[in-house]
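User: I would like a close look at a single part of this structure, its strand pairing, and then at the setting around that part. Please state the cut-offs behind each term.

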Amino acid sequence: MIVDWSYILILPVAVGALVFALVLVWWERRLLGWWQDRLGPNRVGPFGVLQALADAVKLFTKEDWLPPFGDRAFFIMAPAIVAGSMLMAYVIIPFGPDLYITDSNIAVLFFLAMSSLAVYGVLLAGLSSNNKYAMLGGLRAAAQMVTYEVFMGLSLMGVVIHAGSFSLVAIVESQQGMWYIFPQCVGFLIFFLAGLAESHRLPFDLPEAEHELTAGFHTEYSGMKFALIMAGEYLAMVLTSALVVTLFFGGWLAPTFLPGAEYIPPVVWFGLKTAVFIHLFVLLRAAIPRPRYDQLMSLGWKILLPLSLLNLLVTGAASLWLEH
Amino acid sequence: MWSQLRTIWTVFQHTFMRNETVEYPDEMPYAAPRYRGRIILTRDPDGEERCVACNLCAVACPVDCIALQKTEREEDGRWYPEFFRINFSRCIMCGMCEEACPTYAIQLTPDFELCEFNRDSMVYEKEHLLINGPGKYPDYSFWGVAGKTIEGKDKGEALNEAPPTDHRSLLP
(Lines give C-alpha, C1' and ligand atoms only; values in the text may rest on other atoms or scores of the structure.)
Protein backbone atom coordinates (compact mmCIF):
# COMPACT_ATOMS: atom_id res chain seq x y z
CA MET A 1 0.00 0.00 0.00
CA ILE A 2 1.33 3.38 -0.93
CA VAL A 3 1.05 5.92 1.86
CA ASP A 4 0.93 9.51 0.82
CA TRP A 5 2.95 11.21 3.53
CA SER A 6 1.46 14.60 2.87
CA TYR A 7 -1.74 13.40 4.55
CA ILE A 8 0.17 13.24 7.80
CA LEU A 9 0.29 17.02 7.65
CA ILE A 10 -3.47 17.30 7.93
CA LEU A 11 -3.67 16.85 11.68
CA PRO A 12 -0.78 19.19 12.57
CA VAL A 13 -2.11 21.85 10.22
CA ALA A 14 -5.66 21.61 11.54
CA VAL A 15 -4.66 21.59 15.21
CA GLY A 16 -1.91 24.13 14.61
CA ALA A 17 -4.25 26.50 12.81
CA LEU A 18 -6.83 26.34 15.60
CA VAL A 19 -4.23 26.83 18.34
CA PHE A 20 -2.67 29.62 16.32
CA ALA A 21 -6.06 31.29 16.00
CA LEU A 22 -6.47 31.10 19.76
CA VAL A 23 -3.02 32.53 20.47
CA LEU A 24 -3.64 35.16 17.82
CA VAL A 25 -6.57 36.48 19.85
CA TRP A 26 -4.18 37.17 22.71
CA TRP A 27 -1.50 38.61 20.42
CA GLU A 28 -4.01 40.85 18.71
CA ARG A 29 -5.20 42.17 22.04
CA ARG A 30 -1.62 42.93 23.06
CA LEU A 31 -0.95 44.68 19.76
CA LEU A 32 -4.10 46.74 20.05
CA GLY A 33 -3.02 47.58 23.56
CA TRP A 34 0.35 48.85 22.44
CA TRP A 35 -1.17 50.88 19.64
CA GLN A 36 -3.53 52.46 22.14
CA ASP A 37 -0.69 53.16 24.61
CA ARG A 38 -1.79 50.53 27.09
CA LEU A 39 -0.52 47.05 27.91
CA GLY A 40 -3.17 44.55 26.92
CA PRO A 41 -3.58 41.18 28.65
CA ASN A 42 -0.26 40.48 30.42
CA ARG A 43 -1.32 38.77 33.64
CA VAL A 44 -1.75 35.08 32.82
CA GLY A 45 1.60 33.38 32.36
CA PRO A 46 4.68 34.98 30.79
CA PHE A 47 3.62 38.13 28.91
CA GLY A 48 0.05 36.86 29.24
CA VAL A 49 0.48 34.06 26.68
CA LEU A 50 -1.64 31.75 28.76
CA GLN A 51 -4.52 34.17 28.32
CA ALA A 52 -5.29 32.07 25.23
CA LEU A 53 -5.52 28.96 27.42
CA ALA A 54 -7.66 30.76 29.98
CA ASP A 55 -9.99 31.93 27.21
CA ALA A 56 -10.21 28.38 25.88
CA VAL A 57 -11.08 27.00 29.33
CA LYS A 58 -13.68 29.69 29.79
CA LEU A 59 -15.27 29.05 26.40
CA PHE A 60 -15.34 25.27 26.92
CA THR A 61 -17.00 25.49 30.31
CA LYS A 62 -19.47 28.21 29.44
CA GLU A 63 -23.14 27.48 29.10
CA ASP A 64 -23.92 26.59 25.52
CA TRP A 65 -27.28 28.23 25.13
CA LEU A 66 -29.61 27.32 22.29
CA PRO A 67 -32.27 29.93 21.59
CA PRO A 68 -35.66 28.20 21.98
CA PHE A 69 -37.10 30.53 19.34
CA GLY A 70 -34.44 29.75 16.75
CA ASP A 71 -33.98 27.04 14.16
CA ARG A 72 -32.06 24.41 16.10
CA ALA A 73 -30.54 22.40 13.27
CA PHE A 74 -29.16 25.34 11.31
CA PHE A 75 -28.15 27.16 14.46
CA ILE A 76 -25.91 24.25 15.39
CA MET A 77 -24.66 23.73 11.86
CA ALA A 78 -23.68 27.34 11.12
CA PRO A 79 -20.52 27.64 13.28
CA ALA A 80 -19.29 24.31 11.96
CA ILE A 81 -19.68 25.58 8.40
CA VAL A 82 -17.84 28.81 9.19
CA ALA A 83 -14.87 27.16 10.89
CA GLY A 84 -14.93 24.01 8.77
CA SER A 85 -14.83 25.72 5.39
CA MET A 86 -11.98 27.95 6.54
CA LEU A 87 -10.03 24.97 7.88
CA MET A 88 -10.59 23.10 4.60
CA ALA A 89 -9.01 25.95 2.68
CA TYR A 90 -5.75 25.38 4.56
CA VAL A 91 -5.34 22.18 2.54
CA ILE A 92 -4.00 24.07 -0.46
CA ILE A 93 -1.53 26.39 1.26
CA PRO A 94 2.10 25.61 0.41
CA PHE A 95 4.07 26.31 3.58
CA GLY A 96 7.35 25.28 1.98
CA PRO A 97 8.77 23.72 -1.18
CA ASP A 98 7.52 20.25 -0.22
CA LEU A 99 5.39 21.19 2.72
CA TYR A 100 1.78 21.18 1.60
CA ILE A 101 -1.12 18.83 2.06
CA THR A 102 -2.14 18.85 -1.57
CA ASP A 103 -0.97 20.59 -4.71
CA SER A 104 -4.26 20.77 -6.48
CA ASN A 105 -4.35 22.16 -10.02
CA ILE A 106 -7.46 24.12 -9.07
CA ALA A 107 -6.14 25.41 -5.74
CA VAL A 108 -7.13 29.04 -6.34
CA LEU A 109 -10.63 28.01 -7.31
CA PHE A 110 -10.82 25.75 -4.26
CA PHE A 111 -9.95 28.67 -1.99
CA LEU A 112 -12.61 30.84 -3.65
CA ALA A 113 -15.15 28.04 -3.28
CA MET A 114 -14.36 27.56 0.40
CA SER A 115 -14.54 31.25 1.21
CA SER A 116 -17.90 31.35 -0.59
CA LEU A 117 -19.09 28.43 1.52
CA ALA A 118 -18.22 30.37 4.67
CA VAL A 119 -20.86 32.90 3.62
CA TYR A 120 -23.46 30.18 4.12
CA GLY A 121 -22.29 29.69 7.68
CA VAL A 122 -22.58 33.38 8.47
CA LEU A 123 -25.89 33.74 6.68
CA LEU A 124 -27.40 30.67 8.36
CA ALA A 125 -26.12 31.83 11.74
CA GLY A 126 -27.89 35.13 11.23
CA LEU A 127 -31.16 33.72 9.95
CA SER A 128 -31.48 30.71 12.26
CA SER A 129 -31.04 32.85 15.38
CA ASN A 130 -34.47 34.37 14.69
CA ASN A 131 -33.29 37.64 16.17
CA LYS A 132 -33.53 41.03 14.52
CA TYR A 133 -29.92 42.01 15.12
CA ALA A 134 -28.74 38.63 13.91
CA MET A 135 -30.89 38.80 10.81
CA LEU A 136 -29.64 42.28 9.92
CA GLY A 137 -26.11 41.04 10.44
CA GLY A 138 -26.75 38.00 8.30
CA LEU A 139 -28.25 40.10 5.51
CA ARG A 140 -25.32 42.48 5.60
CA ALA A 141 -22.89 39.59 5.59
CA ALA A 142 -24.57 37.99 2.60
CA ALA A 143 -24.60 41.18 0.51
CA GLN A 144 -21.09 42.22 1.55
CA MET A 145 -19.48 38.87 0.97
CA VAL A 146 -21.21 38.24 -2.34
CA THR A 147 -20.11 41.68 -3.49
CA TYR A 148 -16.50 41.23 -2.51
CA GLU A 149 -16.43 37.63 -3.70
CA VAL A 150 -16.94 38.82 -7.27
CA PHE A 151 -13.75 40.79 -7.66
CA MET A 152 -11.78 38.73 -5.18
CA GLY A 153 -11.81 36.06 -7.88
CA LEU A 154 -11.22 38.60 -10.66
CA SER A 155 -8.26 40.16 -8.87
CA LEU A 156 -6.56 36.76 -8.72
CA MET A 157 -6.95 36.14 -12.43
CA GLY A 158 -4.05 38.48 -13.18
CA VAL A 159 -1.76 36.26 -11.12
CA VAL A 160 -3.17 33.18 -12.79
CA ILE A 161 -2.48 34.69 -16.22
CA HIS A 162 1.11 35.43 -15.23
CA ALA A 163 1.72 31.98 -13.78
CA GLY A 164 -0.36 30.11 -16.31
CA SER A 165 -1.68 27.83 -13.58
CA PHE A 166 -4.25 27.63 -10.80
CA SER A 167 -1.90 25.60 -8.64
CA LEU A 168 -0.45 27.57 -5.77
CA VAL A 169 2.83 25.64 -5.85
CA ALA A 170 3.23 26.47 -9.55
CA ILE A 171 2.34 30.10 -8.82
CA VAL A 172 5.01 30.34 -6.14
CA GLU A 173 7.61 28.66 -8.30
CA SER A 174 6.88 30.99 -11.20
CA GLN A 175 7.71 33.93 -8.92
CA GLN A 176 11.41 33.01 -8.85
CA GLY A 177 12.30 35.95 -11.08
CA MET A 178 9.89 38.55 -9.75
CA TRP A 179 7.19 38.61 -7.10
CA TYR A 180 3.76 39.28 -8.55
CA ILE A 181 3.29 42.29 -6.32
CA PHE A 182 5.19 44.32 -8.95
CA PRO A 183 3.12 43.58 -12.06
CA GLN A 184 -0.04 42.99 -10.04
CA CYS A 185 -0.03 45.73 -7.39
CA VAL A 186 -3.60 46.70 -8.29
CA GLY A 187 -4.63 43.07 -8.04
CA PHE A 188 -2.90 42.84 -4.67
CA LEU A 189 -4.72 45.90 -3.32
CA ILE A 190 -8.08 44.63 -4.51
CA PHE A 191 -7.44 41.13 -3.20
CA PHE A 192 -6.34 42.47 0.16
CA LEU A 193 -9.45 44.64 0.52
CA ALA A 194 -11.65 41.77 -0.60
CA GLY A 195 -9.91 39.47 1.87
CA LEU A 196 -10.60 41.98 4.64
CA ALA A 197 -14.25 42.03 3.68
CA GLU A 198 -14.41 38.24 3.28
CA SER A 199 -13.04 37.61 6.74
CA HIS A 200 -15.32 40.45 7.93
CA ARG A 201 -12.55 41.95 10.00
CA LEU A 202 -12.51 45.61 10.89
CA PRO A 203 -12.90 48.01 9.13
CA PHE A 204 -15.27 45.82 7.10
CA ASP A 205 -16.95 44.15 10.06
CA LEU A 206 -20.40 45.51 9.27
CA PRO A 207 -22.11 42.10 9.70
CA GLU A 208 -21.18 42.19 13.37
CA ALA A 209 -20.82 45.94 13.92
CA GLU A 210 -21.16 45.95 17.67
CA HIS A 211 -22.07 49.61 17.93
CA GLU A 212 -25.25 49.19 15.95
CA LEU A 213 -26.05 45.45 15.83
CA THR A 214 -24.94 44.19 19.29
CA ALA A 215 -22.89 41.35 17.81
CA GLY A 216 -24.59 41.05 14.44
CA PHE A 217 -25.04 37.57 13.09
CA HIS A 218 -23.59 35.86 16.18
CA THR A 219 -25.63 37.77 18.75
CA GLU A 220 -27.29 34.58 20.04
CA TYR A 221 -24.16 32.45 20.09
CA SER A 222 -22.35 31.50 23.27
CA GLY A 223 -19.78 29.04 24.50
CA MET A 224 -17.99 26.88 21.98
CA LYS A 225 -20.29 27.81 19.10
CA PHE A 226 -19.26 31.42 19.52
CA ALA A 227 -15.66 30.28 19.80
CA LEU A 228 -15.96 28.41 16.51
CA ILE A 229 -17.32 31.49 14.75
CA MET A 230 -14.49 33.60 16.16
CA ALA A 231 -12.00 30.89 15.22
CA GLY A 232 -13.43 30.99 11.69
CA GLU A 233 -12.80 34.74 11.57
CA TYR A 234 -9.21 34.40 12.76
CA LEU A 235 -8.60 31.42 10.49
CA ALA A 236 -9.87 33.51 7.59
CA MET A 237 -7.51 36.30 8.59
CA VAL A 238 -4.51 33.97 8.66
CA LEU A 239 -5.65 32.28 5.46
CA THR A 240 -5.97 35.59 3.63
CA SER A 241 -2.53 36.65 4.84
CA ALA A 242 -1.05 33.33 3.74
CA LEU A 243 -2.68 33.62 0.33
CA VAL A 244 -1.54 37.20 -0.14
CA VAL A 245 1.98 35.99 0.56
CA THR A 246 1.64 32.97 -1.70
CA LEU A 247 0.11 34.81 -4.62
CA PHE A 248 1.85 38.16 -4.54
CA PHE A 249 4.91 37.96 -2.30
CA GLY A 250 6.61 34.81 -3.49
CA GLY A 251 5.33 32.41 -0.85
CA TRP A 252 8.23 30.51 0.69
CA LEU A 253 10.80 32.08 -1.67
CA ALA A 254 13.50 34.06 0.10
CA PRO A 255 13.73 37.69 -0.96
CA THR A 256 16.62 37.92 -3.43
CA PHE A 257 17.50 41.51 -2.53
CA LEU A 258 18.61 40.43 0.95
CA PRO A 259 22.09 38.88 1.02
CA GLY A 260 22.22 35.60 2.90
CA ALA A 261 18.45 35.26 2.90
CA GLU A 262 18.65 31.82 1.31
CA TYR A 263 20.25 30.34 4.45
CA ILE A 264 17.00 30.81 6.35
CA PRO A 265 14.63 27.89 5.65
CA PRO A 266 11.74 28.61 3.27
CA VAL A 267 9.11 27.78 5.90
CA VAL A 268 10.47 30.56 8.09
CA TRP A 269 10.24 33.01 5.22
CA PHE A 270 6.68 31.96 4.62
CA GLY A 271 5.87 32.43 8.30
CA LEU A 272 7.58 35.81 8.49
CA LYS A 273 5.81 37.17 5.43
CA THR A 274 2.48 35.88 6.68
CA ALA A 275 3.10 37.44 10.08
CA VAL A 276 3.64 40.83 8.43
CA PHE A 277 0.22 40.67 6.84
CA ILE A 278 -1.45 39.42 10.00
CA HIS A 279 0.01 42.47 11.75
CA LEU A 280 -1.25 44.67 8.93
CA PHE A 281 -4.74 43.24 9.49
CA VAL A 282 -4.55 44.12 13.18
CA LEU A 283 -3.11 47.54 12.42
CA LEU A 284 -6.02 48.30 10.10
CA ARG A 285 -8.37 47.24 12.87
CA ALA A 286 -6.65 49.61 15.28
CA ALA A 287 -6.55 52.57 12.91
CA ILE A 288 -9.42 52.67 10.45
CA PRO A 289 -13.02 53.59 11.24
CA ARG A 290 -15.82 51.42 9.91
CA PRO A 291 -17.39 52.74 6.68
CA ARG A 292 -21.11 53.25 6.32
CA TYR A 293 -22.86 50.34 4.64
CA ASP A 294 -23.64 52.21 1.41
CA GLN A 295 -20.03 53.41 1.26
CA LEU A 296 -18.88 49.81 1.52
CA MET A 297 -21.22 48.77 -1.27
CA SER A 298 -20.37 51.63 -3.59
CA LEU A 299 -16.65 51.09 -2.97
CA GLY A 300 -17.14 47.49 -4.00
CA TRP A 301 -19.35 47.86 -7.06
CA LYS A 302 -18.30 51.27 -8.37
CA ILE A 303 -14.55 51.31 -7.77
CA LEU A 304 -13.07 47.92 -7.01
CA LEU A 305 -15.07 45.86 -9.52
CA PRO A 306 -14.31 48.10 -12.55
CA LEU A 307 -10.73 48.38 -11.38
CA SER A 308 -10.29 44.62 -11.14
CA LEU A 309 -11.88 44.15 -14.57
CA LEU A 310 -9.54 46.76 -16.00
CA ASN A 311 -6.60 45.08 -14.31
CA LEU A 312 -7.60 41.74 -15.79
CA LEU A 313 -8.01 43.33 -19.24
CA VAL A 314 -4.64 45.05 -19.16
CA THR A 315 -2.86 42.00 -17.77
CA GLY A 316 -4.39 39.75 -20.41
CA ALA A 317 -3.64 42.16 -23.23
CA ALA A 318 -0.07 42.68 -22.04
CA SER A 319 0.66 38.98 -21.75
CA LEU A 320 -0.83 38.36 -25.22
CA TRP A 321 1.25 41.27 -26.58
CA LEU A 322 4.44 39.88 -25.08
CA GLU A 323 3.78 36.39 -26.38
CA HIS A 324 3.41 37.46 -30.01
CA MET B 1 -8.02 58.44 1.71
CA TRP B 2 -4.89 60.38 2.59
CA SER B 3 -6.15 60.90 6.12
CA GLN B 4 -6.81 57.17 6.48
CA LEU B 5 -3.25 56.34 5.44
CA ARG B 6 -1.90 58.96 7.81
CA THR B 7 -4.01 57.46 10.59
CA ILE B 8 -2.51 54.03 9.93
CA TRP B 9 0.98 55.52 10.11
CA THR B 10 0.21 57.45 13.30
CA VAL B 11 -1.19 54.35 14.97
CA PHE B 12 1.85 52.37 13.87
CA GLN B 13 4.16 54.93 15.46
CA HIS B 14 2.51 54.18 18.77
CA THR B 15 4.30 50.82 18.76
CA PHE B 16 7.36 52.68 19.96
CA MET B 17 5.69 54.95 22.49
CA ARG B 18 5.48 54.58 26.23
CA ASN B 19 2.39 52.94 27.68
CA GLU B 20 0.17 55.05 29.87
CA THR B 21 -0.83 52.07 32.00
CA VAL B 22 0.12 52.03 35.68
CA GLU B 23 -0.14 48.46 36.88
CA TYR B 24 -1.99 49.51 39.99
CA PRO B 25 -1.82 46.80 42.61
CA ASP B 26 1.88 46.27 41.87
CA GLU B 27 2.67 49.93 41.47
CA MET B 28 0.91 52.86 43.11
CA PRO B 29 -0.34 55.55 40.75
CA TYR B 30 0.56 59.14 41.64
CA ALA B 31 -2.26 60.95 43.38
CA ALA B 32 -1.84 64.72 43.64
CA PRO B 33 -1.91 66.27 47.16
CA ARG B 34 -5.31 67.74 46.37
CA TYR B 35 -6.67 64.40 45.10
CA ARG B 36 -10.18 63.82 46.39
CA GLY B 37 -10.07 60.57 48.33
CA ARG B 38 -10.80 59.52 51.90
CA ILE B 39 -12.17 62.30 54.12
CA ILE B 40 -10.42 63.34 57.35
CA LEU B 41 -11.09 65.78 60.19
CA THR B 42 -8.09 67.94 61.05
CA ARG B 43 -6.92 69.73 64.16
CA ASP B 44 -5.75 73.25 64.95
CA PRO B 45 -2.01 73.99 65.23
CA ASP B 46 -2.55 73.80 69.01
CA GLY B 47 -3.99 70.31 68.72
CA GLU B 48 -7.68 71.02 69.29
CA GLU B 49 -10.43 69.89 66.95
CA ARG B 50 -11.10 72.35 64.14
CA CYS B 51 -14.66 71.23 63.52
CA VAL B 52 -17.21 73.58 65.07
CA ALA B 53 -20.20 71.39 64.13
CA CYS B 54 -21.75 74.06 61.92
CA ASN B 55 -23.42 71.39 59.78
CA LEU B 56 -22.50 73.14 56.52
CA CYS B 57 -20.75 70.03 55.23
CA ALA B 58 -23.79 67.88 55.95
CA VAL B 59 -25.93 70.43 54.07
CA ALA B 60 -23.55 70.66 51.15
CA CYS B 61 -23.22 66.90 50.80
CA PRO B 62 -25.20 65.89 47.69
CA VAL B 63 -25.64 62.31 48.88
CA ASP B 64 -26.27 63.08 52.55
CA CYS B 65 -23.53 60.84 53.80
CA ILE B 66 -22.43 63.14 56.65
CA ALA B 67 -24.20 63.18 59.99
CA LEU B 68 -23.11 65.16 63.06
CA GLN B 69 -24.40 66.74 66.25
CA LYS B 70 -23.19 69.94 67.83
CA THR B 71 -22.29 70.26 71.47
CA GLU B 72 -20.40 72.79 73.59
CA ARG B 73 -17.41 72.18 75.79
CA GLU B 74 -18.09 73.24 79.40
CA GLU B 75 -14.62 74.53 80.30
CA ASP B 76 -13.92 76.99 77.44
CA GLY B 77 -17.16 77.29 75.46
CA ARG B 78 -15.74 75.90 72.19
CA TRP B 79 -18.19 74.21 69.90
CA TYR B 80 -17.41 70.71 68.72
CA PRO B 81 -19.28 67.74 67.22
CA GLU B 82 -20.68 65.28 69.73
CA PHE B 83 -20.52 62.67 67.03
CA PHE B 84 -19.39 62.95 63.44
CA ARG B 85 -20.24 60.14 61.08
CA ILE B 86 -19.45 59.70 57.38
CA ASN B 87 -20.95 56.83 55.48
CA PHE B 88 -18.26 56.09 52.88
CA SER B 89 -20.44 53.61 51.07
CA ARG B 90 -22.48 56.63 50.02
CA CYS B 91 -19.72 59.20 49.68
CA ILE B 92 -18.94 60.14 46.09
CA MET B 93 -15.70 62.01 46.88
CA CYS B 94 -17.04 65.21 45.36
CA GLY B 95 -15.26 67.50 47.83
CA MET B 96 -18.30 69.74 48.41
CA CYS B 97 -17.92 69.31 52.16
CA GLU B 98 -14.33 70.52 51.98
CA GLU B 99 -15.43 73.60 50.04
CA ALA B 100 -18.28 74.30 52.41
CA CYS B 101 -16.21 73.98 55.59
CA PRO B 102 -15.54 77.42 57.14
CA THR B 103 -12.80 76.12 59.43
CA TYR B 104 -10.77 73.87 57.09
CA ALA B 105 -11.68 71.02 59.42
CA ILE B 106 -12.96 68.55 56.87
CA GLN B 107 -10.45 67.71 54.14
CA LEU B 108 -10.04 65.11 51.42
CA THR B 109 -6.83 63.09 51.15
CA PRO B 110 -5.11 61.22 48.29
CA ASP B 111 -5.93 57.85 49.88
CA PHE B 112 -8.51 56.08 47.73
CA GLU B 113 -8.23 52.48 48.94
CA LEU B 114 -11.43 52.26 50.92
CA CYS B 115 -12.51 48.67 50.31
CA GLU B 116 -14.06 46.69 53.14
CA PHE B 117 -15.62 43.27 53.38
CA ASN B 118 -18.46 44.52 55.57
CA ARG B 119 -20.75 47.30 54.59
CA ASP B 120 -20.86 48.45 58.21
CA SER B 121 -17.12 49.01 58.19
CA MET B 122 -17.63 51.73 55.63
CA VAL B 123 -19.29 53.95 58.24
CA TYR B 124 -16.52 56.04 59.82
CA GLU B 125 -17.05 57.63 63.25
CA LYS B 126 -15.26 60.67 64.59
CA GLU B 127 -12.40 58.67 66.08
CA HIS B 128 -11.73 57.16 62.65
CA LEU B 129 -11.87 60.50 60.89
CA LEU B 130 -9.84 62.67 63.25
CA ILE B 131 -6.13 62.96 62.56
CA ASN B 132 -3.47 64.43 64.80
CA GLY B 133 -2.37 67.21 62.45
CA PRO B 134 -3.60 70.33 60.68
CA GLY B 135 -3.78 68.77 57.17
CA LYS B 136 -3.43 71.09 54.20
CA TYR B 137 -3.51 74.43 56.07
CA PRO B 138 -0.92 74.07 58.84
CA ASP B 139 -1.12 77.62 60.26
CA TYR B 140 -4.84 78.17 60.25
CA SER B 141 -6.65 78.26 63.56
CA PHE B 142 -10.32 79.09 63.41
CA TRP B 143 -10.70 80.07 67.04
CA GLY B 144 -7.68 82.33 66.71
CA VAL B 145 -9.41 84.45 64.07
CA ALA B 146 -13.06 84.03 65.02
CA GLY B 147 -14.88 86.79 66.85
CA LYS B 148 -16.63 84.44 69.27
CA THR B 149 -15.56 84.48 72.89
CA ILE B 150 -14.04 81.36 74.33
CA GLU B 151 -12.04 80.68 77.44
CA GLY B 152 -8.72 82.52 77.23
CA LYS B 153 -9.72 84.74 74.32
CA ASP B 154 -12.15 87.59 74.75
CA LYS B 155 -13.80 89.87 72.20
CA GLY B 156 -11.25 91.89 70.21
CA GLU B 157 -8.37 89.58 70.99
CA ALA B 158 -8.48 87.54 67.80
CA LEU B 159 -6.02 88.02 64.96
CA ASN B 160 -6.63 91.26 63.02
CA GLU B 161 -9.69 91.96 65.11
CA ALA B 162 -10.34 95.52 66.31
CA PRO B 163 -11.39 95.88 69.93
CA PRO B 164 -15.17 96.07 70.36
CA THR B 165 -16.65 99.50 69.98
CA ASP B 166 -18.34 101.00 73.00
CA HIS B 167 -21.52 101.97 71.21
CA ARG B 168 -22.55 104.29 74.08
CA SER B 169 -19.59 106.51 73.26
CA LEU B 170 -20.83 106.84 69.68
CA LEU B 171 -23.84 108.89 70.82
CA PRO B 172 -23.83 112.45 69.58
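Analyst: Strands here are DSSP runs of E with at least two residues, helices are runs of H or I with at least four residues, and both are numbered from the N terminus; strands pair when DSSP finds at least two bridges between them. The model is predicted, so local features need pLDDT of at least 70 and side-chain atom pairs count only at pLDDT 80 or more, while totals for chains, interfaces and linings use all residues. Residues are numbered from 1 along each chain as its sequence is written, with chains lettered from A and ligands numbered from 1 in the order in which they are written.

The part in question is an open sheet of three strands in chain B, in the order 2-3-5, with antiparallel pairing. Strand 2 and strand 5 of chain B are its edge strands, as each pairs on one side only. Strand 2 (residues 66–72) and strand 3 (residues 79–87) of chain B run antiparallel and are joined by seven bridges. Among the pairs across them, B:Ile66 is opposite B:Ile86, and B:Gln69 has B:Phe83 of strand 3 as its bridge partner. The hairpin made by strand 2 and strand 3 of chain B has six residues between the strands, and B:Gly77 takes a positive phi near 80° there. On the other pairing, two bridges link strand 3 of chain B to strand 5 (residues 123–124) of chain B, again antiparallel. In that pairing B:Asn87 stands opposite B:Val123 of strand 5.

B:Ile66 counts as buried because it has 23 C-beta neighbours inside 10 Å; the scale calls a residue buried at 20 or more other C-beta atoms within 10 Å, exposed at 12 or fewer and partly exposed in between, with C-beta atoms placed from the backbone. Leaving aside neighbours within four places in sequence, B:Ile66 is in contact (C-beta atoms, placed from the backbone, within 7 Å) with B:Cys57, B:Ala58, B:Cys61, B:Ile86 and B:Cys97. By contrast, 50 Å separates the C-alpha atoms of B:Ile66 and B:Thr7, which are 59 residues apart along the chain.

Most residues other than glycine have a negative phi. With 15 C-beta neighbours inside 10 Å, B:Asn55 counts as partly exposed. A:His200, which is in the loop between helix 7 and helix 8 (210–213) of chain A, also has a positive phi, near 30°. A:His200 counts as buried because 27 C-beta neighbours lie inside 10 Å.

The wider setting includes the nonpolar cores, each a set of buried Ala, Val, Leu, Ile, Met, Phe, Trp, Tyr and Cys residues joined through C-beta atoms within 7 Å. The largest has 95 residues, and those with the most contacts inside it are A:Val82, A:Met86, A:Leu235, A:Val238, A:Leu239 and A:Val244. Helix 9 (residues 223–248) of chain A gives the most to this core, with 17 residues. A second, separate core has 22 residues, including B:Cys61, B:Phe84, B:Cys97 and B:Ala105. Two of these, B:Cys61 and B:Cys97, are also among the contacts of B:Ile66.

Finally, there is the boundary between the chains. Ten residues of chain A are in contact with eleven residues of chain B. On the side of chain A that touches chain B, helix 1 (10–35) and helix 10 (266–287) of chain A are the elements that give two or more residues. Helix 10 of chain A gives the most, with four residues. That side of chain A comprises eight nonpolar, no polar and two charged residues, where Ala, Val, Leu, Ile, Met, Phe, Trp, Tyr, Cys and Pro count as nonpolar, Asp, Glu, Lys and Arg as charged, and the others, Gly among them, as polar.

How values were computed
Contact = placed C-beta atoms within 7 Å.
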